[in-house]
Amino acid sequence: MIPAKDTAETRSRDMQERTFCKWFVSMSLLAILLEIRTLLNTKLEAHGYPTMTSLVKDLSDGDTSLGRYNKNPRMRVQKAENVNKALEFITSRGVKLTNIGPEDIIDGNLKLILGMIWTLILRFTIADISEEGLSAKEGLLLWCQRKTEPYKEVNVQDFSYSWSDGLALCALIHCHRPDLLDYEKLDKTDRHGNTRLAFQVAAEHLNIPQLLEVEDLCDSAHPDERSVMTYIASFFHAFSTMDQAETVSRRVEKFAELMQSVWLIRNDYERRVRALLQALSAIQHSWSTATFSGTYADAKAQSASFTNYKQTTKRAWVTERQDVATLFGNVQTKLKTYGLREYVPPEGLGLQDLDRAWQGLLEKEAERSRGINAQIRVIKESLRKKFAKLANDFEQKLHEISVELTAIEGPLEEQQKQVLDIQTRIPQLSEALSVVAQAEAECEAANVEENDYTIFTCQDLEFELEQLVHAVAKKLTFIDNQIVSRNMTNLTPAQLEEFESTFRYFDKDETNTLNLAEMIAALASLGIVYSEEDMDLIYDQLVQEYGAVTFEAFINLLVDIMEDQTTPEQLREAFRGIAKDKPFVTELDLRLAHLPAASIEYLREAMPRLGNANGQSNGDGNAGEAEFDYEKFIDDVFGESYGT
């Protein structure tokens, strides 16, 4: 029974023999020499050497195509010469061979032959592998671990069992060429299928010879480490070549990206500087062509627009100016960082050009501000003068009319005509005052508070106009009342004065009319009192006849009242007149005086008779006509104190 250790060594030796044979076919000694000479460490295709089936048989003739050698060695010494020449060449290239000579190879010492070939594999395939400061085996292992780290089912810890399920191989391929296989769709339990797929994809698409068999990995409890390393090294070189190509591409790509970013920043800078310069020029042109209409509203609107520009547009330009300066600095910094030529903006688009334009803007801003302020001052002064002229002229007109009103004289009717003429000019004064008020409102809108050109305000003039209107009305009322008073011939001057002063006193609103309450109070002050009903009746009659209780209506009312209040002497004189100075009056005398029948009938019944009861005459009247004693009648009515 063969010991287990010997069986494992035998399987490992067989795996190495198959693997090394395939590696030697793919590499050949000439390829190794070329690789050494060019220091490219890349694989070259085989140069037509016959396929190796046994390391013992194919190496034993020493055929290495290294110059002059025995092409058909038959004798042991000829074979030894060929093998010795190859060994000397390998040694001359720095490969240290230990405990192996031509005889060992000719005699087919497999263990020594495998050791020599492993030395060649290490020298020409694995020794140049370096990853993060590590080299050879450690470097290759670290490279595998880094590439397969994202794949959770893969855990590369060695070059043996870690590769037995094929997933590590698939992960290496997918990491570099995800287009060749879909790792996510793999059946993670299919060890043989995954390994077979990796071998197939590597051979067909990556030009990696299949140095191992599926069974070497999947059916071995401990796959041979050297064989696996030899195969995995092929992946490293295949992908490192790809990485080198990618590095070159990335270098060009990064440079292109750099230049493109610089180009974009430059274009952005130039575009924004050009736009900012155009905006600065446009606003200055608009200021230079701006005109004023001469009104405060227009000047103030332009001032507000200028203020808004400074608070919005200009602040945006200040920010933009800083941004483009920063942009320019970024371009120069990036170019300097990568050792590239400094950027020179097109003519007129440099920062110094922008600075000059900005200084020009500031000068034009100051000029624009001064122009607006000067226009506002001119307009304010113009508004002061305008209002002052209107106010002064208006006050002068009021003064002239007041003087004219005071100077009126002559007949009452002529005076009345002159006052009425003045009264017709009052509406024109009101219209003129509205013009003054409008001018004052313009001053207020322009914040003009002081005015050295006039002492009058619109309120002053309005008060004076009211006083003039009041004076005209009073003058007209006075004249009208004087005309009424003049026509009242049956009133004494003293009575007229008393009645006129009473009317003016109770005419509180100075309308030259009395309402009911005012009329009652005025009559009461004169000692004339009627019942409430009589007062209502009197008031209504006056309103119906005169339209209102005017001064004329009031005076006429007093005349009527005074006439109705006849004294005993006046009544006695009246009866004497009717009796034609007789001491009695007859019914005929009463009828001839045109007294109403009702009054005659009352007097016949009320007055005492003279003579006999039959009414015979006492000699002074007509025979048979009754005679009435009016003297006694008056005495009886008024009392003895009123007798003559």
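Thr-148 lies in helix 6, which covers residues 136–148. The model described here is predicted.

- Thr-148 has a relative accessible area of 2%, and because buried means under 20%, Thr-148 counts as buried.
- The Thr-148 side chain comes to 2.7 Å from the backbone oxygen of Cys-144.
- Apart from neighbours within four places in sequence, the contacts of Thr-148 are Val-154, Val-156, Ala-168, Ala-171 and Leu-172.

**Helix 7**

- Helix 7 spans residues 167–176, and nine of its 10 residues are buried, so helix 7 is largely enclosed by the rest of the structure.
- The buried residues of helix 7 include Ala-168, Ala-171 and Leu-172, and these three residues are also among the contacts of Thr-148.

**Helix 18 against helix 19**

- Helix 18 (residues 516–525) packs with helix 19 (residues 532–546) at an angle of about 115°, and the two axes are 11 Å apart.
- Angles of 65 to 115 degrees count as roughly perpendicular, and helix 18 and helix 19 are therefore described as roughly perpendicular to each other.
- On the side of helix 18, the contact is formed by Leu-516, Met-519, Ile-520 and Leu-523, while helix 19 contributes Met-535, Asp-536, Tyr-539 and Leu-542.
- By class, the residues in this contact between helix 18 and helix 19 are seven nonpolar, one charged and no polar.

**Loop residues with positive phi**

- Asp-581 is not a glycine, yet its phi is positive, at about 65°.
- Asp-581 sits in the loop that runs between helix 21 (568–579) and strand 5 (585–586).
- The relative accessibility of Asp-581 is 66%, so Asp-581 counts as exposed.
- His-594, another residue other than glycine, has a positive phi near 60°.
- The loop that holds His-594 lies between helix 22 (587–592) and helix 23 (597–606).
- His-594 counts as exposed because its relative accessibility is 72%.

Note on methods: Residues are numbered from 1 along each chain as its sequence is written. This is a predicted model: local features need pLDDT of at least 70, side-chain atom pairs count only at pLDDT 80 or more; totals for chains, interfaces and linings use all residues. Side-chain values use heavy atoms; hydrogens and water are left out. Helices (H or I, at least four residues) and strands (E, at least two) are DSSP runs, numbered from the N terminus. Buried means under 20% relative accessible area, exposed over 50%, partly exposed in between (1.4 Å probe, protein chains only). Axes are lines fitted to C-alpha atoms, for helices over the stretch in contact, and angles run from 0 to 180 degrees between N-to-C directions. Angles under 35 degrees count as roughly parallel, over 145 as roughly antiparallel, 65 to 115 as roughly perpendicular and the rest as oblique. Contact means heavy atoms within 4.5 Å. Ala, Val, Leu, Ile, Met, Phe, Trp, Tyr, Cys and Pro count as nonpolar, Asp, Glu, Lys and Arg as charged, and the others, Gly among them, as polar. A polar contact is a pair of N or O atoms within 3.5 Å; within protein, one must be able to donate a hydrogen and the other to accept it, and residues adjacent in sequence count only if both atoms are side-chain atoms.
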